[in-house]
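Biologist: I would like to learn how to read a model of this kind, feature by feature. Please give the general idea and then the case at hand.

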Number of protein chains: 2
Amino acid sequence: MAKNITPRAENYNQWYLDVISAGQLADHAPVKGCMVIRPTGFAIWEQMQSRLDRMFKETGHVNAYFPVLIPESFLKREAEHVEGFAPELAVVTHAGGKLLEEPLVVRPTSETVIGHMYAQWIQSYRDLPVLINQWCNVMRWELRTRLFLRTSEFLWQEGHTAHETAEEAEEETLRMLEIYRRFHEELLAMPVLMGRKTDTEKFPGALRTYCVEAMMQDRKALQAGTSHNLGQNFARAFDIQFLDRGNERRHVHTTSWGSSTRMIGGLLMTHSDDDGLVLPPRIAPVQVVIVPLYKNDAERAAVMPFAERVRAELGGVLDPLHIRLDTRDDLRAAERFFYWVQQGVPLRIEVGPRDVGQGAVMLVRRDTREKQSAPLAGLGQTTLALLERIQTDLFERARAFRQANTHRIDDYGEFRELMEGPGGFAEAHWNGSAQVEARIKAETKATIRVIPLDEDPEPGRCMVTGEPSPRRVVFAVAY
Amino acid sequence: MAKNITPRAENYNQWYLDVISAGQLADHAPVKGCMVIRPTGFAIWEQMQSRLDRMFKETGHVNAYFPVLIPESFLKREAEHVEGFAPELAVVTHAGGKLLEEPLVVRPTSETVIGHMYAQWIQSYRDLPVLINQWCNVMRWELRTRLFLRTSEFLWQEGHTAHETAEEAEEETLRMLEIYRRFHEELLAMPVLMGRKTDTEKFPGALRTYCVEAMMQDRKALQAGTSHNLGQNFARAFDIQFLDRGNERRHVHTTSWGSSTRMIGGLLMTHSDDDGLVLPPRIAPVQVVIVPLYKNDAERAAVMPFAERVRAELGGVLDPLHIRLDTRDDLRAAERFFYWVQQGVPLRIEVGPRDVGQGAVMLVRRDTREKQSAPLAGLGQTTLALLERIQTDLFERARAFRQANTHRIDDYGEFRELMEGPGGFAEAHWNGSAQVEARIKAETKATIRVIPLDEDPEPGRCMVTGEPSPRRVVFAVAY
């Protein structure tokens with residue numbers, strides 16, 4: 001039952017796939033490049049969805065649903081947008097047994113069709129702001145795929161807002177970036193850098209793209225959520241106009257922001273180890289598993305009622321849906337332990353005959369494997385505190401790792417050595433030109449992950465050209 | 001702001017569209033036959049999803065996600081299945097700039113691709129039962145569409161389970177039918193008939209199809225949820241085999257069951273009136289709206305803090321996300337009232353200067369328009385009780401309507417008069433032949449909606465042929 005997992009040090013890519021397979025998170029679909037998200041993996045997505053959705057609603061956003069098929073001509077209305085997405089489109093040419101008059105694309109993102117609808121819904125400043133989010137599937141045809149990180153179909157949320165002024169649109173863009181930061185750091189225990197993308201890396205059609213960026217255990221970067229200020233680009237392309245407070249017709253200012261099932265891959269690569277998945281308690285679908293241990297019917301008769309009391313005690317502080325009692329009789333204890341280890345459950349509670357006698361249980365942390373005995377009395381509070389401790393420890397460990405692998409570099413030779421060698425984040429100066437950015441990418445595979453948002457940047461000189469640079473930017477090889 | 005709504009008596013179809021438009025529930029998408037579900041409509045779907053999802057999880061089901069694109073050849077493996085769905089398929093022929101080797105269909109339903117995965121996941125009886133549900137979008141190309149009721153794309157849930165024995169599969173099929181009944185009756189306040197479909201009406205590829213069926217206000221029937229016992233048909237087509245307890249290889253027995261955004265249309269047509277949408281409290285995204293009333297700043301200064309106290313009092317018994325306080329200053333009271341009437345909010349609470357003086361508020365029911373004064377003290381409990389009362393009244397009213405429009409008919413002439421005239425449900429005898437069923441449909445448009453499940457049926461003679469009939473079945477003209 002327990003699957004062998006390739007150690008990270010031996011083959012990081014294989015380790016990633018083995019953790020997914022052992023945890024039964026996802027599988028390859030019969031259509032090349034697509035994935036099946038299995039119940040264990042999907043339960044993580046459901047947790048992510050419900051937490052993020054609550055954060056969106058608390059900031060005044062509402063959900064809606066727009067169609068999956070978009071007329072091909074819509075994409076062509078915004079020049080950068082179609083250039084960016086055309087190579088990745090899946091196209092419906094036939095439907096209902098007939099050739100369609102106009103081909104339809106399966107949405108790669110929905111700015112265009114939503115822009116088309118907003119043009120009809122928005123008449124006056126009284127209709128603004130429009131703050132809509134959508135949870136859905138999108139399709140971007142990929143040749144080289146990787147479960148969760150890059151698949152032809154994935155699930156995501158895409159927020160699309162419209163505002164009266166440029167200032168309001170910029171505020172919204174940064175508000176959602178901050179929500180992504182909080183979500184990653186507070187719930188996924190993933191430390192992230194916030195910043196702006198260069199023009200090369202920005203969303204096709206955006207004025208400015210911001211993102212949160214995390215470091216994986218192989219020191220590569222993962223872009224985890226993006227927030228775009230679209231300016232009036234899509235408003236012009238789809239003619240979204242409103243009568244302003246001075247009774248003049250103007251184009252609205254729009255934003256869009258998204259995060260996807262890719263985050264599951266990032267979560268996995270941040271915390272998991274050579275035994276498999278490790279999940280932070282606040283996002284884990286199963287937070288605690290109770291494993292009763294007995295060798296015969298007499299022991300069973302003593303242990304099972306006690307295990308039920310443990311479950312009842314925990315049910316007072318945790319949602320019962322997040323607690324499991326493993327009653328499988330046909331598996332040895334070691335097999336059951338390993339099953340839950342590979343499912344990433346943060347805390348295992350073992351209940352054996354001796355524990356029953358002492359009115360206590362054994363708590364085993366998934367992350368550190370530390371064991372401690374705890375009395376049944378007050379077990380709810382003990383468990384809550386321990387789960388919070390695990391959450392904090394995971395975050396701190398990931399932050400320390402990122403810190404240890406982030407380097408201030410002023411010399412391009414040193415930079416190349418880092419990127420060709422151990423890898424990591426390099427804080428370096430750059431002259432701001434796309435040409436130099438492209439040269440660095442060609443020579444080292446590293447790209448500019450973020451232009452940080454600090455208000456008091458340190459000026460310097462480009463590590464490649466020696467030209468002036470207003471601030472350090474963060475380079476890394478990325479997924 | 002308030003939209004005119006065509007009265008039902010004048011034009012029922014236009015009334016339906018007007019209620020959707022006035023409530024801002026949905027809109028036509030640029031792609032013919034597809035719809036946009038606007039925030040008010042989508043909030044109803046979110047309520048339905050969260051309530052149904054909880055019911056599925058409480059009965060041991062888990063969610064997963066399977067790909068939206070399915071190889072065309074998969075559908076052909078089950079002869080009835082492809083015959084049923086082929087005319088409605090949307091087909092992707094190009095992707096990533098190239099012609100695909102094999103066309104892919106946008107899923108019309110997922111039995112085939114899920115069967116393909118189950119064949120890999122299921123090895124032994126220990127892997128059974130598999131109880132998976134999926135929430136997603138599906139596509140069935142339709143020529144004659146109607147918002148919510150029949151659209152080319154719609155949202156739904158589809159459950160797919162696999163079992164060791166035929167008995168377990170039948171139990172599961174009926175368990176989920178009962179969940180649909182409870183969901184409709186207890187949450188949507190929609191009385192439904194449960195029963196089996198005839199072979200003509202069953203799901204393509206199923207052994208037996210069961211459904212819940214409701215009566216709309218125009219006396220037509222609406223199929224609201226279906227549950228299929230698929231027998232071993234898909235297990236054979238996709239070779240889903242397992243080693244049974246006797247160590248022999250056998251095909252599993254599968255079921256599937258689904259309900260969709262169509263239920264929003266059914267909900268609308270069950271309860272709404274000539275003023276617009278009426279929502280049952282248990283499913284309403286906004287359960288209560290508080291409308292403060294004032295004519296000048298002095299009145300405003302007295303009324304607003306009191307309205308906030310009302311909100312705080314209600315927040316103790318209802319989820320704050322389900323309460324609205326309407327603070328719009330730029331609209332007259334009548335406009336605000338009408339806005340919330342058209343949004344279907346079950347209860348309006350008016351707070352004016354006189355109410356403040358008396359420490360009371362005015363409660364106005366959406367369904368009956370009845371008004372009653374209630375003191376602020378204990379308002380939470382008063383409101384809860386009134387919402388429950390509205391829920392019960394809506395259900396009872398719908399049940400009385402169905403009862404008044406259900407007729408026991410033994411004469412085919414009388415039957416035709418009913419179907420050509422007022423319409424309604426006819427409980428009639430039928431000889432069991434598909435030919436007679438087809439003739440009745442051709443002559444009256446009525447179809448057999450359900451073969452009821454009563455254990456003690458009344459035998460009789462077919463109203464068309466006079467041949468023996470074991471039980472009455474329910475006929476109606478359907479959506």
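This is a predicted model: local features need pLDDT of at least 70, side-chain atom pairs count only at pLDDT 80 or more; totals for chains, interfaces and linings use all residues.

Biologist: Let us begin with the open sheet of chain B. In what order do its five strands lie?

Modeller: The order is S16-S15-S17-S18-S19, and the pairing is mixed. Strand S16 (323-325) and strand S19 (371-375) are the edge strands, each pairing on one side only. From one strand to the next the twist averages 25°.

Biologist: In which sense does S15(B) pair with S16(B), and how many bridges join S15(B) to S17(B)?

Modeller: Strand S15 (residues 288-292) of chain B pairs with S16(B) in the parallel sense, over three bridges. Opposite Ile290(B) stands Leu325(B) in S16(B). S15(B) and strand S17 (residues 347-351) of chain B also run parallel, joined by five bridges. There, Val289(B) has Arg348(B) as its bridge partner.

Biologist: Which residues of S15(B) point one way, and which the other way?

Modeller: The general idea comes first. Side chains in a regular strand alternate between the two faces of the sheet. In this case, Val288(B), Ile290(B) and Pro292(B) point one way, while Val289(B) and Val291(B) point the other way. Five of the five residues of S15(B) are buried, so the strand is largely enclosed by the rest of the structure.

Biologist: Through which helix does the chain cross from S15(B) to S16(B)?

Modeller: The path runs through helix H9 (residues 297-315) of chain B, and this β-α-β crossover is right-handed.

Biologist: Now the helices. Why is H5(B) described as largely enclosed?

Modeller: A residue counts as buried here if 20 or more other C-beta atoms lie within 10 Å of its own. In helix H5 (residues 111-121) of chain B, eight of the eleven residues are buried, so the helix is largely enclosed by the rest of the structure. They are Glu111(B), Thr112(B), Val113(B), Ile114(B), Gly115(B), His116(B), Met117(B) and Tyr118(B).

Biologist: What covers the buried residues of H10(B)?

Modeller: The buried residues of helix H10 (residues 333-342) of chain B are Arg336(B), Tyr339(B), Trp340(B), Val341(B) and Gln342(B). Their cover includes helix H1 (12-22), S15 and S17 of chain B. After H10(B) comes Gly344(B), with a positive phi near 80°.

Biologist: Into which domains is chain A divided?

Modeller: Chain A has domain 1 (12-271), domain 2 (288-386) and domain 3 (406-476). Between the C-alpha centres of domain 1 and domain 2 of chain A the distance is 40 Å.

Biologist: How do S5(A) and S5(B) run?

Modeller: They run antiparallel, joined by five bridges. Ala95(A) has Ala90(B) as its bridge partner in S5(B).

Conventions. Residues are numbered from 1 along each chain as its sequence is written. Chains are lettered from A and ligands numbered from 1 in the order in which they are written. Two strands pair if DSSP finds at least two bridges between them. Helices (H or I, at least four residues) and strands (E, at least two) are DSSP runs, numbered from the N terminus. Axes are lines fitted to C-alpha atoms, for helices over the stretch in contact, and angles run from 0 to 180 degrees between N-to-C directions. Domain bounds come from an automatic or database domain assignment. A residue is buried if 20 or more other C-beta atoms lie within 10 Å of its own, exposed if 12 or fewer, and partly exposed in between; C-beta atoms are placed from the backbone. A crossover is right-handed if, with the strands pointing away from the viewer, the path from the first strand over the helix to the second runs clockwise. Two residues are in contact if their C-beta atoms, placed from the backbone, lie within 7 Å.
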